[in-house]
Amino acid sequence: MKNIVVTGGLGFIGSNLVEYLVNKNYFVIIIDNLSYSSNIDNLRTIPKNKYKIYCQDIQNRNKNLYILKKYHPVAIFNLAAETHVDRSIENPYKFIKSNILGVFGVLESLKKYINNKNNKIKLIHVSTDEVYGDIKKNKFSKEKDPYLPSSPYAASKAASDLLIQSYIRTYNLPCIITNCCNNYGPKQFPEKLIPKIIINLLDNKKIPIYGNGKQEREWIHVEDHCSALYKIFQIGQVGEQINIGSGEVRNNLKLTKVLINNFNEIHHIPTKSNISFVKDRPGHDKRYALNSNKLKKKYKWKKKYDLQSGLYATVKWNLAND
C-alpha cells in the first residue's frame, strides 16, 4: 500500500479526498492544524487503520520533513488553506499566513526532501478560479490568462500559485497547480453558501443574498473534484497548470431557488424562509467560470454529477446529517 499526504485533510474537500484515496487503496497521512473549519467527524466513515493524523501547521518545515522521511509518500495534495472571502476581508493576515507562508513551508520541506535523493513524489496544489478575477459574461478563464485577484483570499491564493511556479523553475520541484471552481457536497462547513442556505431553510430563517444575487459561479461536486485531482496525480506532468470545472454556471439567486425547491420536496414540510437581499460585500466579483478543455481532452476526465442531481443529493445529505 502506497502513502499519500493530504494537508487540510480534516476540512471539506480534504476529508472527501482522504476518503476517495482510501477507497483507491492508499494509506493517507493527514496534516491539519485543527482550525475552526476542521472536523475530525468528517472521517467517521473511514477505517481508522487507513489514515494517520498529524495535528500541526504546514509552516513547520521540520515536522513536514519528518513526515516525508518517515512515510516516503508518492504525492502531497495541498488543500490546507483559509478559504472564506468574507473572513479574508475582515482579517487578511490569517490568509497571508496560511495560504502563502504555509505553502512556503511545504515547498521548503519538499525541496530538502528531494535534495536527499527522494524524488519519486508529486505536489498537487489545489488553488481556485478566483485568482483570475472578475470575467465578462460568456467568457471562461484559461490556464494562461493573467491573474487579477479581487479579494485578500484570492490574492493570497494567487501568490501561492506564483511561488510554486518559481520553485518549479528555480529548484525543479515536481509540482502541479490546479485551479478549481466552487465545490459543493457532503461535509461542507456551514458558513459556505449552499449549506448555509439549507440550514436557514431548516430553521425557517431568512436567506441573505448579496446585492441583486446575479453573481455567477461555476459549481462542481466535491467527488468530481477529487476524481479530477486523482487523475492529474496519475498522469499529470510536472509544471502543468490545470483548470478543474464542471461547465455548469449559475447565478446565486437561481441557485438559491433550486435549493428551496429541493428542500421543500425532500423535507415535506415547506420552509417559511424567504430570500433577503443584503448589502453587497466590497470588491464582489460578478462572474467566475473556467475553461477546462485541457482536463477534459488531455486527461479524458468526465464529471459524475450534473448540478441538478448533485444539489438534490447535497440537500438530502445535509438534512440527514443535521
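**Notebook: a first look around the chain**

I began with the surface: the protein chain exposes about 15100 Å², and carbon and sulfur atoms supply 50% of that area. I keep in mind that I am looking at a predicted model.

**Entry: overall build**

I looked up the secondary structure next and found 10 helices and 12 strands in the protein chain. For the extent, I took the box along the principal axes, and the C-alpha atoms fill roughly 60 × 45 × 40 Å.

How does the radius of gyration fit with a compact globule? For 322 residues, such a globule would come near 20 Å, and the protein chain has 19 Å, which agrees.

I then checked burial, and 55% of the 322 residues count as buried. I also looked at contacts between residues at least 6 apart in sequence: 81% of them join residues at least 24 apart.

**Entry: charges**

I counted the charged side chains too. The protein chain has 50 positive and 27 negative ones. The centres of these two sets lie 5 Å apart.

**Entry: Gln241**

Is Gln241 buried or exposed? Gln241 is buried, because its relative accessible area is 11% and the cut-off for buried is under 20%.

Which side chains does the side chain of Gln241 meet through polar contacts? I noted Gln165, at 3.3 Å, and Asn179, at 2.8 Å. Both of these residues turn up again in the contact list of Gln241, which leaves aside neighbours within four places in sequence. Also in that list are Tyr132, Glu143, Tyr147, Ile177 and Lys294.

**Entry: Leu307**

My last stop was Leu307, which I found in helix α10, residues 307-320. With a relative accessible area of 3%, Leu307 falls under the 20% cut-off, so I wrote it down as buried.

Which residues are in contact with Leu307, once neighbours within four places in sequence are left aside? My notes give Tyr184, Trp219, Glu248 and Arg250. I also looked up a C-alpha separation: Leu307 and Ser246 are 61 residues apart along the chain, and their C-alpha atoms are separated by 8.6 Å.

**Entry: to remember**

From Gln241 you can follow the polar contacts to Gln165 and Asn179, and from Leu307 you can follow contacts to residues including Trp219.

Methods. Residues numbered from 1 in each chain as written. Predicted model: local features only at pLDDT ≥ 70, side-chain atom pairs only at ≥ 80, totals over all residues. Heavy atoms only, no water. Helix = DSSP H or I, 4+ residues; strand = E, 2+ residues; numbered from the N terminus. Rg over C-alpha atoms; globule rule 2.2 N^0.38 Å. Buried < 20%, exposed > 50% of the residue type's maximum accessible area, 1.4 Å probe, protein only. Contact = heavy atoms within 4.5 Å. Areas by Shrake-Rupley, 256 points an atom, 1.4 Å probe, with all protein chains shown as cover. Lys, Arg positive; Asp, Glu negative; His and termini not counted. Charge placed at Lys NZ, Arg CZ, Asp CG, Glu CD. Polar contact = N/O pair within 3.5 Å; in protein donor to acceptor, adjacent residues only side chain to side chain.
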